[in-house]
Amino acid sequence: DTTPPRTLVSGNDGLWHNTSVTLTFSATDELGGSGVAATWSKIDSSPYVEGLSVTIAAPADHTGDGSHTVSYYSVDAAGNAETPKTCSVLIDTTGPLIAATASSGGSTGHRVTFSYHISDDLSATATDVVLVVSDSHHKPLKRFTWAARATGTTYAVSWKPASQDTYLGLVSATDLAGNPQQQSGRATVLARGPWWTTIGHSAQKRAIVATEFGSGPRRVLL
């Protein structure tokens, strides 16, 4: 027997994980060969350990975050050693950081622009990105959602408030490993007025104009 065995690995999907990942090895020798004697593996620069599986930890203190190289090979009973193979395991336990800003709305256009920036050291993309706009009474008024946004890029969305008030834009996101944001993005803005709108005309064809201030369950007409 002069032919080394062949080892296959399972459990590695090439995706980011925020929990421990276990790889399982399966080795075979050629028909009529001496048979597989042992399988060895190691994580990064650690020493080789004999066994049919290896676990890459994902400690909560984030010390295991990053890409880990797993090397593995098998030896048959005749002493033929397989050339070591490698695969990568991606660990990420840290959520993204989000910063948000808002531009003041003026009397022209009556629109407010919320800008946000998502930072993450490992994930190139953030998923489930949500921007919720609320009024000064914390009542949600508008919800923007995106399936994916590139990290390291600034995005902006424009929204038109109905009245003069102080509005809050709250941004949340999840990284590719499934970690929610470590820090959400918050931005407040005072949309200024008054904003006069024509709501009808009098019998003499003159415009009837009105404006609205604030928000809440009680409405007062002056």
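The model described here is predicted. Strands β9 and β10 belong to an open sheet of three strands, in the order β9-β10-β13, and the pairing is antiparallel. The edges are formed by β9 (97-102) and β13 (154-159), each of which pairs on one side only. From one strand to the next, the twist averages 20°. In general, strands of a sheet pair through backbone hydrogen bonds, and the pairing may be parallel or antiparallel.

Another open sheet also has three strands. Its order is β1-β3-β6, and its pairing is antiparallel. Strands β1 (6-10) and β6 (53-56) stand at the edges. Each has a single partner strand, so one side of each is left without a neighbour in the sheet. Neighbouring strands of this sheet are turned against each other by 25° on average, direction ignored. Strand β3 covers residues 21-28 and pairs with β6 over four bridges, in the antiparallel sense. Here valine 21 stands opposite isoleucine 56 in β6.

The side chain of arginine 149 makes a polar contact with the side chain of tyrosine 116, at 2.9 Å. Arginine 149 lies in strand β12, which spans residues 140-150. This arginine is buried, yet it has no salt bridge. The nearest side chain of opposite charge belongs to aspartate 128 and is 12 Å away. A salt bridge would require a distance within 4 Å. Residues up to four places away in sequence set aside, arginine 149 touches Tyr116, Ile118, Thr125, Ala126, Val129 and Tyr155.

Strand β12 holds arginine 143 as well. Is arginine 143 buried or exposed? Its relative accessibility is 55%. Arginine 143 therefore counts as exposed, since the cut-off for that class is over 50%. Neighbours within four places in sequence left aside, arginine 143 is in contact with Val130, Leu131 and Val132. The C-alpha atoms of arginine 143 and valine 132 are 4.5 Å apart in space, although eleven residues separate the two in sequence.

Note on methods
Residues numbered from 1 in each chain as written. Predicted model: local features only at pLDDT ≥ 70, side-chain atom pairs only at ≥ 80, totals over all residues. Heavy atoms only, no water. Helix = DSSP H or I, 4+ residues; strand = E, 2+ residues; numbered from the N terminus. Buried < 20%, exposed > 50% of the residue type's maximum accessible area, 1.4 Å probe, protein only. Lys, Arg positive; Asp, Glu negative; His and termini not counted. Polar contact = N/O pair within 3.5 Å; in protein donor to acceptor, adjacent residues only side chain to side chain. Contact = heavy atoms within 4.5 Å. Pairing = 2+ DSSP bridges. Axes fitted to C-alpha atoms, helices over the stretch in contact; angles between N-to-C directions.
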